[in-house]
Amino acid sequence: MTSGKILIIGGGPAGMEAARCVAELGGEAIVIEKRGRLGGTPDSERYAKLTHHWRDASEAMEELASAVRNSANVEVKYLAEVKGFSGSDGDFTVEIEADGKAETHNVGAVIVATGFQHFDPGRATQYYNYYSFADVITISDLEKMLKENKVVRPSNGETPKRIAFIQCVGSRDRQIGNEYCSKVCCGVASKQAIELREQISDSKVFIFYIDMRMYGYWEPEIYWPAQEKYKVNFVKGVISEVLPKGNQLLIRGEDTTMSRPMEVVMDLVVLSVGMEPSAGTRAVAQQLGIKQNKYGFVEAGGTSGIDPVSTSRPGIFVAGAASGPSDLDDSFAQAGLAAARAVASVRRVMA
Amino acid sequence: MAVKFKKTTAIELEHAVIDGVDISGHWSRMFEQRVIFEYTPELIEKITGLPDAESFANCYQCAKCVAVCPVDIVGDYGPRKLYKHAQTGTDLMKSPDLWLCTTCSNCLRVCPKEVNMIKIMPAAREQAILDGNFVPQELQDAFENTAKSGNPLGQPQRKRDAWIQSAGVPVPIIKDLARPVDVLWYVGSYPSYHPRNIAAAVAAARIFSVLGIDFAILGKEEKDDADTQRLAGEKGLFEMMSEYNIQTFNKYEWKEMVVTGPHELNAFKNIYPKFGFEGSVLHYTTFLARYLEQLKPLLKHEVKLKVTYHDPCYLGRHNEEYEAPRKLLEAIPGVELVEMPRNRENGYCCGGGGGGMWMDSFSGQHIKMRLSDKRAMEAASTGANILAVACPFEVTRFEDAVKSTGNEHVGVLDILELLDRSMRGE
């Protein structure tokens, strides 16, 4: 039996925006979210500020979440996951378990918005010693501390005065298998560097990079202020070793602008870990029988190459970081497009 | 007995020759590269904290400036490098690099981040002077001469208008004239005093006279504009001199001021207004180009020369006058104008600006050839017989340079001298 309902898998930024758009277009959506609340990674990893407009992440996510929760056209299933999936475009049957109960739904189209997870720095081929040294942390660890306005060295609870970001950890690396650029880490590190300089005014903050990829407006909105106003030091040449030195960390690399080796002592080292497909993205892609690319992300673009939200199966769409590294702007834009395509798709089969 | 062993200190020579043996290449790799043990953002902030020097913080190391920096072309320099050196331990205010910039503005022309060395350098130099850091002696002398005598050459004030005796035409002094004039001609220190530059002043006087221009000069009341001293770091001296000059300019009635030199143009047109001066100021090339149709019939004699024109930084890039000098040269019958590869907006610097005029011995220790030498070679390579200039700094610099680079066959003349020749047929 054909259905006009649209299933949205994932209640993060892309899933919430897709649900909101489906509702605005007069469609009906069921959102299934594995956690007990909406908000996705910005919420679960306690993001501090968003890169655009420096909005408080919780506030911005709550704005979206309440729009979804309060919509008469959207039903949200919490603590829910897909258990079975069959059918074809316009007539899919999905078995879910929501809050311990099994349910079956008939839907006309699906939007996959299952997101990403951060690269595990333990897998890095360089000696970054994330699991050995307390003061080697990731951008997500730092984000939580920035949100609390209490950045400390985990080893001793003291305020760090010398902080280094190491870019491209787990990205652009053939050996690791993540050959792609994770797109957001340059912007996120620069944003966090600004927040560090605001929160710890006597700190020295360094970003060691291969090349800064501040696409679009991140250049004037984040990168330039970081350097010009907040005096963040950008050094070309990425770090390849983090070694203990007293109770500090010795970072070693090459300053490629100077063609000279560098060995500099830091209090805190922040790894700019990239994006990988989340466990949910991998599992859902399998259950739905949609193609994944060699990195495990949902393959988007279809055969035309000009439809960034289509998947290999008609009636199934993808939005956000489930199809590859994506910032919030990209995710929202894709979510809107996926919603439009899904609504059009169910209207076509219902007609 | 322990062998005495002295470790060799690290060197970073690209080409090393010791006692006639070339040890370049892999030999020198036996010496370790110096490790960067510390970054020094505080040395960047020391500069960005100075008034008007904030833009030093903007450099993102794209290095567009380096390729067009005239000092880098004959050495190892450029704003990008200054930033990086500050980040890795060099205090610019104590480095010889502080004195090498000629404020030619070619870096700023190409800089995507608007790092403004024209503002940064004077600020950093001023601070270095205040801190009692090293200042090249020649530059100190120029400062002292200006303070004592009113001109960087150290010539007596009472002889400032002595040159008019050789003009062969009346050169009225505005004080004696005791009436308003159309044009106040600010002659400038070098055309007033320097034996070689007086020729341009004399030529200008004759041209103005033939054209029937109602002009006068300040005579013994004229003092150096001191803007180049400001760019070299002596802001206090500049303020003193500019105050005197503005008072002097305001004593008389005139419609327009014409200057012989581009540095004076920049001073009176762009800098003095910040200190209260009001008035229309023109470089002589712009002024004479206005009289082009009247000039043409007066340029009676053919001057059969292949001429290449050097754009002065302060006439071109700083004040965007590229066409008037060329129009004047093209109006001279017989002149064939050829361009050097670097011209107009990308014109190469003679090395005289920003105090470079007074630091040739010092900067010579930090570059492989003078900028004027480099430019003289470029001029010679066009096949020109004459290198035409429009800035008093340049005549002597380039006459020296054509000799030191073996290009004596290339003459150096101010455009004024060429116009005068064509009028008089010498």
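A salt bridge, for these exercises, is a side-chain nitrogen of Lys or Arg within 4 Å of a carboxyl oxygen of Asp or Glu. We're working on a predicted model, where local features need pLDDT of at least 70, side-chain atom pairs count only at pLDDT 80 or more, and totals for chains, interfaces and linings use all residues. Residues are numbered from 1 along each chain as its sequence is written, chains are lettered from A and ligands numbered from 1 in the order in which they are written, and side-chain values use heavy atoms, with hydrogens and water left out.

**Exercise 1. Describe how domain 1 and domain 2 of chain A meet.**

Step 1: count contacts, meaning heavy atoms within 4.5 Å. Domain 1 of chain A brings 18 residues and domain 2 of chain A brings 23.

Step 2: work out the buried area, the accessible area (1.4 Å probe) that two parts lose on being put together, summed over both. For these two domains of chain A that's about 1,800 Å², with 55% from carbon and sulfur atoms. On the domain 1 side, R46(A), T51(A) and W54(A) supply 32% of the area buried against domain 2 of chain A, more than any other three residues.

Step 3: Three salt bridges link domain 1 of chain A to domain 2 of chain A. Separately, have a look at K294(A) and E179(A), whose side chains pair in a salt bridge at 3.1 Å, N to O.

By class, domain 1 of chain A touches domain 2 of chain A with seven nonpolar, four polar and seven charged residues. Here Ala, Val, Leu, Ile, Met, Phe, Trp, Tyr, Cys and Pro count as nonpolar, Asp, Glu, Lys and Arg as charged, and the others, Gly among them, as polar.

**Exercise 2. Now do the interface of chain A and chain B.**

Step 1: start with area. About 2,100 Å² is buried between chain A and chain B, 49% of it on carbon and sulfur atoms.

Step 2: Chain A and chain B share four salt bridges. Also find the salt bridge of D255(A) with K84(B), at 2.9 Å, N to O.

**Exercise 3. Find salt bridges over all chains.**

Step 1: search everything. The whole structure gives 50 salt bridges.

Step 2: pick out examples. E62(A) and R69(A) pair with their closest N and O atoms 2.4 Å apart, and K46(B) pairs with D91(B) at 2.5 Å.

Step 3: check accessibility (buried is under 20% relative accessible area, exposed over 50%, partly exposed in between; 1.4 Å probe, protein chains only). E62(A) comes out partly exposed at 38%, and R69(A) is partly exposed at 39%.

**Exercise 4. How many disulfides does the whole structure hold?**

Step 1: apply the cut-off, a pair of cysteine sulfur atoms within 2.5 Å. The search over all chains finds zero.

Step 2: For C69(B), the nearest cysteine sulfur belongs to C104(B), 6.5 Å away. For C111(B), the nearest cysteine sulfur is that of C62(B), 6.2 Å away.

Step 3: C69(B) is buried at 7% relative accessibility, and C111(B) is buried at 18%.
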